[in-house]
2 protein chains.
Amino acid sequence: MSKEGCLIVISGPSGTGKGTVCNALLDRHAEIAYSISATTRLPRSGEKDGVNYYFLTKPVFEKMIRDGELLEWAEVYKNYYGTPLKKIQERLTAGQDILLEIDPQGAMNVKEKFPDGIYIYILPPSMAELEQRIRGRGTDSEESICCRLRAAADEIAAADHYQYVVVNDAVPRAVSKINAILMAEHCRADRNLTFIHSLSRQERK
Amino acid sequence: MSKEGCLIVISGPSGTGKGTVCNALLDRHAEIAYSISATTRLPRSGEKDGVNYYFLTKPVFEKMIRDGELLEWAEVYKNYYGTPLKKIQERLTAGQDILLEIDPQGAMNVKEKFPDGIYIYILPPSMAELEQRIRGRGTDSEESICCRLRAAADEIAAADHYQYVVVNDAVPRAVSKINAILMAEHCRADRNLTFIHSLSRQERK
């Protein structure tokens, strides 16, 4: 059953632990590639070009926008962030699955171009738990915590634009569910038409 | 996340091992109920009413047809076979998943009434393998084998009417894939709208 790879898009509100879930997923699936974003912001200490991000100059990034080489992009605090399209297309064609961890707005833009992708939204088990996780970081002011929680609630209300929701009550459980989603998606009849038709032709010819 | 159960419909050509796969699935999932068919044919030796089939008289079966109490039914060699609707609805409402092993024509009739069901078609790894399995039974004449294989090829060509296809190359692997499909389906956003909205309301109120 040789076929195209799947584009896996994962989003979730800040504090829901989606980064941890994605890392655990990649650890378990060496065959899944991670889509590295491009940015014009400067590398932070320890960040490496081509590992954490592709660090680009503004003119290069703007040329990529003009040439349609970005799957999606956004400007945040005067820096650009975006997803290079070429590597994704190459990998999908080679039959490799590729993971994109991205915000909902970006995800919905990607969905327009890749309607066959697998869109997963990571949910907290409860808003109280999400609040506790954000407070636990100890990096946010009271005002910032309120603001994050409201933003999370608004974001979650739109989670039905995704195909799947996975509650991150425990990382291994969330990863198992995503594993199951990937296995199921690879069984979808419309992803296996070539095999189905080759089988029925084996007898008919 | 309390919610309705899922109706799981499994079909596959004769000789593909779908019965073995279904039994293995039910062994592994005590929580999945099996939908017992109703029939007007006489019980064979060892068959029990309410276990293998509900054995009914023709008048009773015909009354069920008239009263719309069958999800689907067919007449085969002067006997009726059908799926009683009431038990299925009761179990789904109670949040229980229920498995239906049924031919493609019946499955497509069920799909019209339960578009939210999970429709899985079991495929042989190859037609040569299917032929070998049918020959291995030693119960069919050469003509009957040819006839079964042609029927299988025609049936497989229409497998794209199902949502999923699962190759039964090895029973444990096929069961794992069906497991994954069930887990994934329970994560579908449109099956979790109540939870999604309750989460976002927790913060907003």
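Is the crossing in which H5(B) passes H6(B) left-handed or right-handed?

Guide: The model is predicted, so local features need pLDDT of at least 70 and side-chain atom pairs 80 or more, while totals for chains, interfaces and linings use all residues. Residues are numbered from 1 along each chain as its sequence is written, with chains lettered from A and ligands numbered from 1 in the order written.

H5(B) passes H6(B) in a right-handed crossing (the near helix is turned clockwise from the far one by less than a right angle). Helix H5 spans residues 127-137 of chain B; helices (H or I, at least four residues) and strands (E, at least two) are DSSP runs numbered from the N terminus. The axes of H5(B) and H6(B) lie 10 Å apart at an angle of about 140 degrees (lines fitted to C-alpha atoms over the stretch in contact, angles running from 0 to 180 degrees between N-to-C directions). That makes H5(B) oblique to H6(B), because angles under 35 degrees count as roughly parallel, 65 to 115 as roughly perpendicular, over 145 as roughly antiparallel and the rest as oblique.

From H5(B), B:Met127, B:Leu130, B:Glu131, B:Ile134 and B:Arg135 meet B:Ile145, B:Arg148, B:Leu149, B:Ala152 and B:Ala153 of H6(B) (contact: C-beta atoms, placed from the backbone, within 7 Å). Seven of these residues are nonpolar, none polar and three charged (nonpolar: Ala, Val, Leu, Ile, Met, Phe, Trp, Tyr, Cys, Pro; charged: Asp, Glu, Lys, Arg; polar: the others, including Gly).

Between the chains, 34 residues of chain B contact 34 of chain A. H6(B), residues 142-157, is among the elements supplying at least two residues to that side of chain B, and H8(B) gives the most, seven.

Conventions:
Contact = placed C-beta atoms within 7 Å.
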